[in-house]
Amino acid sequence: MKAVEANFDGLVGPTHNYSGLSVGNIASKNNKSGASNPKQAVKQGLEKMKALHDMGFVQGVLAPQERPDIHTLRRLGFSGSDGEVLQKSHQYSPQLLAACSSASSMWTANAGTVSPSADTVDGKVHFTPANLINKFHRSIEDEVTGNILKATFADEKHFAHHEALPHSDYFGDEGAANHTRFCNDYGEQGVEFFVFGKSAFNDRYPAPKKYPARQTLEASEAIARTHGLRDKFTVFAQQNPDVIDQGVFHNDVIAVGNRNTLFCHQHAFLNQEQVKSDLSASYGLGFNVIEVPTDKVSVQDAVETYLFNSQLITKSDGTTLIILPQHCRENPRVWAYLNELVDQNRGIDELHTFDLKQSMQNGGGPACLRLRVVLNEAEQKAVNQHTLMNDQLFTTLNLWADKHYRDRIEDKDLADPQLLLESRAALDELTQIMHLGSVYPFQR
């Protein structure tokens, strides 16, 4: 059956804020304590989703987390009414409350790892939510993420859902941000490419010195086993620790892949020549590497513009597009390189830029906002159809955002009990719009 690669983008949550919670993410730290605009953020994301839908791509929507996370604050010993829990936690530590109010689930590249049915031994699409244990504010996401994925991909005949890996630094897992799939056709056996930052058990692998490596080799290997992947078509590679120390906290900040093409920086991987050789051997004839030289685009330029945190997508007519943040157009070196690349006919045919300023200021570009899910025709029909973008859903979600979202949030607003009520009202209505059922703790 013919298969497509669907993009499921995360909706930005009502508590979208800039609290600078992510060490190693330079944009997040540089914009700490600035005022955010949740309404603009969610609309920017919806515009990108609708644009891809209008281009003919299958585009889905994933719901955000419940925030502020009163359940976690109560687990940490704060008691009383929900409003009292907010006030007490804010008095104890504004940063703790900020962590429990994070809207980082909007970056669904970190939601989990997905393996298509063509790659798995049981012929099902497999999902594993990421445990995200490197950052507290993200480590509290995986249970609800699993609920949302199960509500979106519910048919057990086609979809298999796994628990997140054990919550330990030894099995730190950051999801699809460190996972890419190559194939000739989406419905055929592909090569699954896992990139890790360090090994937990083997000290022969070097580690970064300044910033943490968030993905372990052991986590990647565990997911490959759990998903039932074939060894011949699974490749593991280590991210260059030196670029992690320059702010490349995930592989998708320095490389992106689609079909037969790997688009990466010259310094993306440790032992890069061997990585390219391993991928070519697993893929076979026709594997295409577009390696960006550092004298054209520096690592700093890549981090500042999120050139590689882009979406490489292929239309039904074979045209390959790259979906870029507006920042790439505004950087003369990056934009000159991209236009030169298109002129050379090396595998990227068209450039499309989007204004994602609200996301970019927290360190997330187009690729961060989407989770790729390859689906054949039967699997597409088995997806919760109320989560798929169309003209009606686009209009409904924009009206929903106008009704529920604020246009300004500062750190102090996170302790406002009214924000909690607004957020819960928004999510309760969203679960009805998208027919998700009771996926949030407050609904039970």
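With 444 residues, a compact globule would have a radius of gyration near 22 Å, and the protein chain comes in at 20 Å, so the two agree. Keep in mind that this is a predicted model. Along its principal axes, the C-alpha trace spans about 65 × 45 × 45 Å.

What is the chain built from? Its secondary structure comes to 17 helices and 15 strands. Of the 444 residues, 62% count as buried. Looking at contacts with a separation of 6 or more, 76% of them join residues 24 or more positions apart.

Now for the active site. An unreviewed UniProt entry puts that annotation on Glu174, His250 and Cys368. These residues span 195 residues in sequence, yet no two of their C-alpha atoms are more than 11.4 Å apart, so they gather at one spot.

Here is where two of them sit:

| Residue | Loop between |
|---|---|
| Glu174 | strand S5 (159-161) and strand S6 (179-182) |
| Cys368 | helix H14 (357-360) and strand S15 (370-376) |

Is Glu174 buried or exposed? With a relative accessible area of 3%, Glu174 is buried, because the cut-off for that is under 20%. Leaving aside neighbours within four places in sequence, Glu174 is in contact with several residues, including Asn110, Arg214 and His250.

Cys368 is buried too, with a relative accessible area of 3%. Beyond its neighbours within four places in sequence, Cys368 has contacts with residues that include Trp107, Asp252 and Asn309.

Key. Residues numbered from 1 in each chain as written. Predicted model: local features only at pLDDT ≥ 70, side-chain atom pairs only at ≥ 80, totals over all residues. Heavy atoms only, no water. Helix = DSSP H or I, 4+ residues; strand = E, 2+ residues; numbered from the N terminus. Rg over C-alpha atoms; globule rule 2.2 N^0.38 Å. Buried < 20%, exposed > 50% of the residue type's maximum accessible area, 1.4 Å probe, protein only. Contact = heavy atoms within 4.5 Å. UniProt positions renumbered as here; feature names shortened; annotations may be inferred.
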